[in-house]
Structures are given as structure tokens and as C-alpha cells.
Amino acid sequence: MKKLILVDDHKMLRKGISSYITENTDWTILAEAESLEEIPLIIKKIAPQKNDKIVAVVDIQIKGSSDYPFSGFEAVKLLAKAGVPSVIFSSHDTGALIERAMSAEVGAKGFVSKLSDEKMLLDAINTVAAGKTFVQPDLVASLMDMNSLLSVLTKREMQVVKLIQDGHANEEIAAKLQIKLTTLENYISVIYDKIGCRDRSSLLEKLR
């Protein structure tokens, strides 16, 4: 059987997706969640259903740690470890977030904007279920622009940028990367020069 997991903290939106899916397709709803804390419970449900085709539809912003606004990414990681591919379905559809979602670190297999219709979401679900990746066609240009912007950065500089995006302070980033604070500050200065930013807030604004 083809089963969906819906992860979104808006109950009415989950209800709308569920109604469309069950009334118009051969997919059924396996489970729903509104918070990151519920994901391990859902993963336990998956274990006896290994022969089913399961895909998760996940919003970027769900209930989770107040220190990290994009808990949906953590949900995607947990589901991927359990063998469940995810389609991100979010109103946060900038190039930076698409790039992050589809990165090897997060591991989403699809990305669709909430501004699109149900058919677009269904296309993404079916594509991902077939073992392929899917990015909403009109979002591809912003993803390409972001990839072009970030292509000037080294691997280490990209690590710094991603930790900045996650909201970590400089001291935390230096500790995570096991480098001196002064070394990190040099990395950040170079990143600002390459991307054309003056400070952290302008960097984050450009990456939105």
C-alpha cells in the first residue's frame, strides 16, 4: 500500500491535504504529527509496515526547539534514518531554504511551495515514491541562483554559513568546528566579502 505521513503544526492544513489525498488518490494517511517530539512515535509505527511505500510530507516550521525555528529539517533527518523519504511542503520557499532542505545533510527528496496546488504536491509525492527527486519547477530558478551564490565558498566556509543559519553564536560555531574564535572570525570576514554582506543580519537576509 501507498501511505503518507503528514507533519505540519496547522491542523486545518493537515485536514485539507488528508481529505484531498484520500478522496482523489490511492494514497492513505498512515500518521500525522505537529511536533518534532512525535516523530519517534511515528517511526515505531513504520517498523511493521516495511513492505508499504511510505512518503512523508513535512513543513519546515513545526513545533520543536524554540532555539531552532526550522524543526522540520530535524524531522526529515529522523524519517530518512528510518528509510522514509520526505517532501518539504512550506511557505518558506527561498533558494537558501530549498538548497538546505535538499542537501545531503538534511536529505529531503522533494520541495513544494504551499502557494502551489494539491496536484503539484501529489506530483512530488509520486515522484519521490518512485525513488526520484522533485523540486517545484518555478522554484528551480531561485535554487540555481542560490547555488551560484554559494559556489564561491569553500567547504569550510559553507559549514560556517550553515551554522550561522541555524542561529549559533560565534563561540558555539568555533567549538563545533574545533577552531579558534579568531580563526572563525577570519572565515566570517571572508564570507562577507565573497557574498557582499556587511554583517550577520545582512548575510541571513541575502540567504532568505
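Visitor: Why is Lys2 called partly exposed?

Guide: This is a predicted model, and in it Lys2 has a relative accessibility of 25%. Buried would need under 20% and exposed over 50%, so Lys2 lands in between and counts as partly exposed.

Visitor: And what makes Asp26 exposed?

Guide: Its relative accessibility is 53%. The cut-off is over 50%, so Asp26 passes and is called exposed.

Visitor: How do you know that Lys2 forms a salt bridge with Asp26?

Guide: Their closest N and O atoms are 3.0 Å apart. The rule asks for a Lys or Arg nitrogen within 4 Å of an Asp or Glu carboxyl oxygen, so this pair qualifies. The two partners are 24 residues apart, with Lys2 in strand S1 and Asp26 in the loop between helix H1 and S2.

Visitor: What makes Arg198 and Asp199 a salt bridge?

Guide: Here the closest N and O atoms are 3.8 Å apart. The limit is within 4 Å, so the pair counts. Arg198 is exposed at 69%, while Asp199 is partly exposed at 28%.

Visitor: Why are Lys119 and Asp123 said to be separated by about one helical turn?

Guide: Because they sit four residues apart in helix H5.

Visitor: How do you know that the buried residues of H2 line one face of the helix?

Guide: Those residues are Ile39, Ile42 and Ile46. Looking down the axis of H2, they fall within an arc of 60 degrees, so they line one face. On the other side, Leu41 and Lys44 are exposed.

Terms used
Residues are numbered from 1 along each chain as its sequence is written. This is a predicted model: local features need pLDDT of at least 70, side-chain atom pairs count only at pLDDT 80 or more; totals for chains, interfaces and linings use all residues. Side-chain values use heavy atoms; hydrogens and water are left out. Buried means under 20% relative accessible area, exposed over 50%, partly exposed in between (1.4 Å probe, protein chains only). Helices (H or I, at least four residues) and strands (E, at least two) are DSSP runs, numbered from the N terminus. The arc is that of the directions from the helix axis to the C-beta atoms. A salt bridge is a side-chain nitrogen of Lys or Arg within 4 Å of a carboxyl oxygen of Asp or Glu.
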